[in-house]
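This report is for a reader who is new to the structure. Please look over the sequence and the model before reading on.

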Amino acid sequence: MKDFWGISSATERRLNRLGIYTIKELALSSKEMLQKEFGIMGEELHQHANGIDFSRISDVYIPSSRSFGKSQILFRDYTSRKEVELLLLELLDDVCFRLRMHQVVAQTIHLSIGYSKQTGGGFSRQKKMGRASNLSQDIFPYCLTILHTYDNGMPIRSIGISLSNTSIEEEEQMSLFEDIDQRERAYALAKTIDEIRLRYGKNSVLRASSYLDHSTARYRNGLIGGHKA
């Protein structure tokens, strides 16, 4: 199926899980089901499978890359770096949620830290990941790398994070050495959590402190995105 326009290997696997293995089955499938699974792209897949294309030959496709970010001025100065890491993770979760809602992944992280009014100063640095993602578990170790590389230990009063260099989620490249099933389970879990937060509010699912400890341990052991930095 991946020889058909708009169907990558990852899209083909998702279609297979829906019981769709041929273009004919795609054309005869429920458009509503495809929209629920793929969003706007689901409707386009259904149209193309049925030979419908509303694009004009003269139209030139210009890919756009936008950034998604969030910043916070804290109510007090934070001296504990573990507390700062937790705040950073909460901001990152919100930004990654927005990435998934737009069905895109990002590859560049931009982290900004502002110190206490008494000391002034701060830093703003960016880092490009080995591959694009919209999962906090992939991006957070890179955030920790930036934080611990440039932080001078002063009390922190503001945090900002943005993710840029975006691309369509389906274009993510899988590593030959990666456990694809584990990767898909991570995406499935993130999607389930997103649905719960959409229905019951963003505070309906909170991370356990053990997640932060595990992520920090990965960073300290030199593990970035599942591989040695």
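## A buried leucine

Leu-45 counts as buried, since its relative accessibility is 2%. The model in which this value was computed is a predicted one. Leu-45 is part of helix α4, which covers residues 40-49. Between the C-alpha atoms of Leu-45 and Gln-35 there are 9.3 Å, and the two residues are 10 apart in sequence.

## The chain as a whole

The protein chain has seven strands and eight helices. Of its 229 residues, 39% are buried. The chain exposes about 13,700 Å², and 54% of this area is supplied by carbon and sulfur atoms.

Contacts can also be sorted by separation along the chain. Among those between residues at least 6 apart in sequence, 70% join residues at least 24 apart.

## An aromatic pair

The structure holds one aromatic pair. It is formed by Phe-123 and Tyr-150, whose ring centres are 6.0 Å apart. The planes of the two rings stand at 40°, so the pair is classed as tilted. Tilted pairs are those that fall between the cut-offs of under 30 degrees for stacked and over 60 for edge-to-face.

Phe-123 belongs to strand β3 (residues 122-133) and Tyr-150 to helix α6 (residues 136-150), so the pair ties together parts that are 27 residues apart in sequence. The two partners can be described by their accessibility. Phe-123 is buried, with a relative accessible area of 9%, whereas Tyr-150 is partly exposed at 40%.

## Ser-124 and its contacts

Ser-124 lies in strand β3. With a relative accessible area of 36%, Ser-124 is partly exposed. Which residues does Ser-124 contact, leaving aside its neighbours within four places in sequence? They are His-110, Leu-111 and Ser-112.

Side-chain polar contacts link Ser-124 to two residues of that list. The one with His-110 has a length of 2.5 Å, and the one with Ser-112 has a length of 3.1 Å. Gly-114 is 10 residues from Ser-124 along the chain, and the C-alpha atoms of these residues are separated by 8.6 Å.

Definitions and conventions:
Residues are numbered from 1 along each chain as its sequence is written. This is a predicted model: local features need pLDDT of at least 70, side-chain atom pairs count only at pLDDT 80 or more; totals for chains, interfaces and linings use all residues. Side-chain values use heavy atoms; hydrogens and water are left out. Rings of Phe, Tyr and Trp (its six-membered ring) pair if their centres lie within 6.5 Å; planes under 30 degrees apart count as stacked, over 60 as edge-to-face and the rest as tilted. Helices (H or I, at least four residues) and strands (E, at least two) are DSSP runs, numbered from the N terminus. Buried means under 20% relative accessible area, exposed over 50%, partly exposed in between (1.4 Å probe, protein chains only). Contact means heavy atoms within 4.5 Å. Accessible areas come from the Shrake-Rupley method with a 1.4 Å probe; for residues, only the protein chains shown count as cover. A polar contact is a pair of N or O atoms within 3.5 Å; within protein, one must be able to donate a hydrogen and the other to accept it, and residues adjacent in sequence count only if both atoms are side-chain atoms.
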